[in-house]
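Please read these notes with the structure open beside you.

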Amino acid sequence: MEHNKKQDYSVTKADRVKINAHKPCLIWFTGLSGAGKSTIANLLEQELHKKGIHTYSLDGDNLRRGLNKDLKFTKEDRFENLRRTAEVAKLFIDAGLVVIAAFITPYNKIREDIKAIVGSEFYVEVFVNTPIEVCEERDVKGLYKKARSGKIKNFTGITSPFEIPENATIEIKTTIESEHEAVNKILTVLETKL
């Protein structure tokens, strides 16, 4: 007896898309800690909500309080954290929602894996490109200071690499684009997706 057989239901993704009156997708924000990912993601969700778009935001800190609380910050656990998040996003896409996720996501391989999990037609990658010096100046959570002093191991940008995205759909340069300009740039791209 097969235990992994997919259960089919009568209401399909197409039915949910029709009732929502927009297509689903995943908007995945990547960038260094302190780059502005969550700020822009939050503003984007507000704008989409005003337009009647059904959204849900997945946040790394929040997921690590529940679904991913068993994971540490090793490379393997970071990959698993992001894999689980992508699987959750896939479920929300199946529900017909626009999913917004803001995660450092330091490796091109894992970004490609996420795209493969949800389907490339549903994946919009936003690279929030902020120089590390600017991120360190912001350092809202004091993480860079702790990483520099050796209190945090495997910290992206300091003791762990961040690979510049090779295939980002949108690049936001926060030193020359405001948060609202960034949101408008993303909304323009979404017009053809939703």
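1. A pocket here is an open set of grid points where a 1.4 Å probe fits, with protein on both sides within 12 Å along at least five of seven lines. The model is a predicted one. Its largest pocket holds about 900 Å³ of space. Among the 36 residues lining this pocket, Ser33, Lys37, Asp61, Ile104 and Lys141 are the closest to its centre.

2. Which helix supplies the largest share of the lining of the largest pocket? That is α2, with 4 residues. At least two lining residues come from each of α2, α3 (60-63), α4 (75-94) and α7 (143-148). By type, the lining has 13 nonpolar, 12 polar and 11 charged residues.

3. The second largest pocket has a volume of about 350 Å³. It has 16 lining residues, and those nearest its centre are Lys6, Lys13, Arg16, Leu91 and Asp94. Two or more residues come from each of α1 (13-20), α4 and α5 (108-118). Helix α4 gives the most, 5 residues. The lining consists of 7 nonpolar, 2 polar and 7 charged residues.

4. Helix α2 spans residues 37-50 and includes leucine 44. Is leucine 44 buried or exposed? It counts as buried because its relative accessibility is 0%, and the cut-off for buried is under 20%.

5. Beyond its neighbours within four places in sequence, leucine 44 is in contact with Ile27, Phe29, Ile100, Val183, Ile186, Leu187 and Leu190. Isoleucine 27 is 17 residues from leucine 44 along the chain, and their C-alpha atoms are 9.9 Å apart.

Key:
Residues numbered from 1 in each chain as written. Predicted model: local features only at pLDDT ≥ 70, side-chain atom pairs only at ≥ 80, totals over all residues. Heavy atoms only, no water. Buried < 20%, exposed > 50% of the residue type's maximum accessible area, 1.4 Å probe, protein only. Contact = heavy atoms within 4.5 Å. 1 Å grid on protein atoms, 1.4 Å probe; cavity = no way out; pocket = protein on both sides within 12 Å on 5 of 7 lines; lining within 4 Å. Points joined across faces, edges and corners; volume = space filled by probe spheres on them. Nonpolar A, V, L, I, M, F, W, Y, C, P; charged D, E, K, R; others polar.
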